[in-house]
Protein chains: 2
Amino acid sequence: MDARTETDVAHVAAAIGDPSRAKVLLALAGGGALPASALAAEAGVSNSTISGHLAKLLDARLLTVEHDGRHRYYRLATTDVARALEQLALIARPLPVRSLNADTRAKALLRARLCYDHLAGRLGVAVMDALQENDILTAEHTGTAGATAVAYAVTPHGHQELSAFGVDPDRLPRRRTGVRYCVDWAEQRHHLAGALGAALTARMFALEWLRHGRYRRVVHLTDGGREGLATTFGVDVGQIF
Amino acid sequence: MDARTETDVAHVAAAIGDPSRAKVLLALAGGGALPASALAAEAGVSNSTISGHLAKLLDARLLTVEHDGRHRYYRLATTDVARALEQLALIARPLPVRSLNADTRAKALLRARLCYDHLAGRLGVAVMDALQENDILTAEHTGTAGATAVAYAVTPHGHQELSAFGVDPDRLPRRRTGVRYCVDWAEQRHHLAGALGAALTARMFALEWLRHGRYRRVVHLTDGGREGLATTFGVDVGQIF
DNA sequence: GCATCGGTTCGGCAAATGCCGAAACGTCCT
DNA sequence: AGGACGTTTCGGCATTTGCCGAACCGATGC
């Protein structure tokens, strides 16, 4: 039936396991696409060096390229790649900060960042909390006592609210799990993922509640966003920003 | 609040990303503990070489050691490590088979294997299916249309059945999610994980339905197991073995 | 059509890495 | 106490790997 055999885990891991390449992947973990030169700057190496790295990442199927004239835009190949990165981050030690710049950026990432295509960090967790408190999402601890399944579901009320907000839960891409969570590596708590998380995040960007930072993965909250989150979803961002 | 900053993904990935070390990790992915010499044999390198590798894996927090006299038993540090390996396997290419031995082993892994502490492979998926068909587990596609949450839960009926089988869903370790699924890298479908999956698997081993193979990760189905699975859970293993 | 620009390829260098055998270490057994 | 055993440490070797600058390639634009 299935021709698949043991898989070459070492090859993929080796592809990720170089500081420069990891920086590239993390820079793309915000779901965006960047040209080789930008990635070279991000990793702090020359163009020729990054080119070799990118070739390796392509070979390992971690990235894809889109040719566009003389530009080549690289992005993560699948959401599975992003998921693998998050899973590794869950195990990894915190990295010592090397510069003031890196420090402020690290702090920004802890506050609010993109986990491929949905909101993560303290803001992501706060939104997740607020959605539950306002009866938009329920944490269904189905099963009994010990055997709790931490499944999240959209309530009927939530269905209304979300539609009013501009995210129709019925019109999400089919082939992807709608409501899903992600364990936030920094907060060790859940934030909203899946198709719904992505759609909600996209809508917030569309409404200019959120803005990309200098690094796409970093997310900034606008004044409108601060107000919108408070009035629409009851998110108190006071603790975060 | 939280002192965590950007994490050193590259370091962990590099630790996994060597063929010998990956073999070690995969050998331990069955949840067992092995001494250094056994791991050396598994990876096909000398004792001195494996010692260096093990030191690296310890440094990256992927393994833990238990000293026992002149033996030292190594095992995966956390379930997160196993999860990361599975996630990487989901991306990785199938590895070309090098020997007849490796081929039969690879086929055995596809049939039935341990995913750290619960059953995976075709058998794992078959059990998962049967549990649902027999109303022991329900796939609650909560939410509407597009926003389906694929949460699994134990039914009241299932609660009875499982208790009768010797797995009390109320007495599972608290600190772990009870009902959980895992995407099987070979089958691309769900198999049962979490505390319940682990308990169920353990019980099957206790009843001698399952037996460890030469490699702990490989699982063999006994005659009793074949019958037990059929009568108790309605699993048809005809297609698999 | 020629200069420019983004990107890859090539050559060469320095550093890191995997590997082994020999030796050292600590534990167990007699 | 002495020998066997499982494991780690050390020294040395061959290979791989990351890095850069220079040259090259193809698309763009004046």
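How many residues surround DNA strand C, and which are the closest?

1. Basis of the note. This is a predicted model, in which local features need pLDDT of at least 70 and side-chain atom pairs count only at pLDDT 80 or more, while totals for chains, interfaces and linings use all residues. Residues are numbered from 1 along each chain as its sequence is written, chains are lettered from A and ligands numbered from 1 in the order in which they are written, and side-chain values use heavy atoms, with hydrogens and water left out.

2. Surroundings of the DNA. DNA strand C is surrounded by 20 residues, and the closest are S37(A), Y74(A), T49(B), H53(B) and K56(B); a residue is near the strand if one of its heavy atoms lies within 4 Å of it. By class, this surface has four nonpolar, 10 polar and six charged residues (Ala, Val, Leu, Ile, Met, Phe, Trp, Tyr, Cys and Pro count as nonpolar, Asp, Glu, Lys and Arg as charged, and the others, Gly among them, as polar).

3. Phosphate contacts. The elements giving two or more residues to the surface near the strand are α3 (36–43), α4 (47–59) and β3 (71–76) of chain A, with α2 (19–28) and α4 (47–59) of chain B. Helices (H or I, at least four residues) and strands (E, at least two) are DSSP runs, numbered from the N terminus. The largest share, four residues, comes from α4(B).

4. The protein interface. In chain B, 68 residues are in contact (heavy atoms within 4.5 Å) with 68 residues of chain A. Between these chains, six residue pairs are in polar contact, both residues at pLDDT 80 or more.

5. Strand β2(A), residues 63–68, pairs with β3(A) in the antiparallel sense over six bridges; two strands pair if DSSP finds at least two bridges between them. T64(A) has R75(A) as its bridge partner in β3(A). Two residues lie between the strands, and G69(A) takes a positive phi near 65° in this hairpin.

Note on methods: A polar contact is a pair of N or O atoms within 3.5 Å; within protein, one must be able to donate a hydrogen and the other to accept it, and residues adjacent in sequence count only if both atoms are side-chain atoms.
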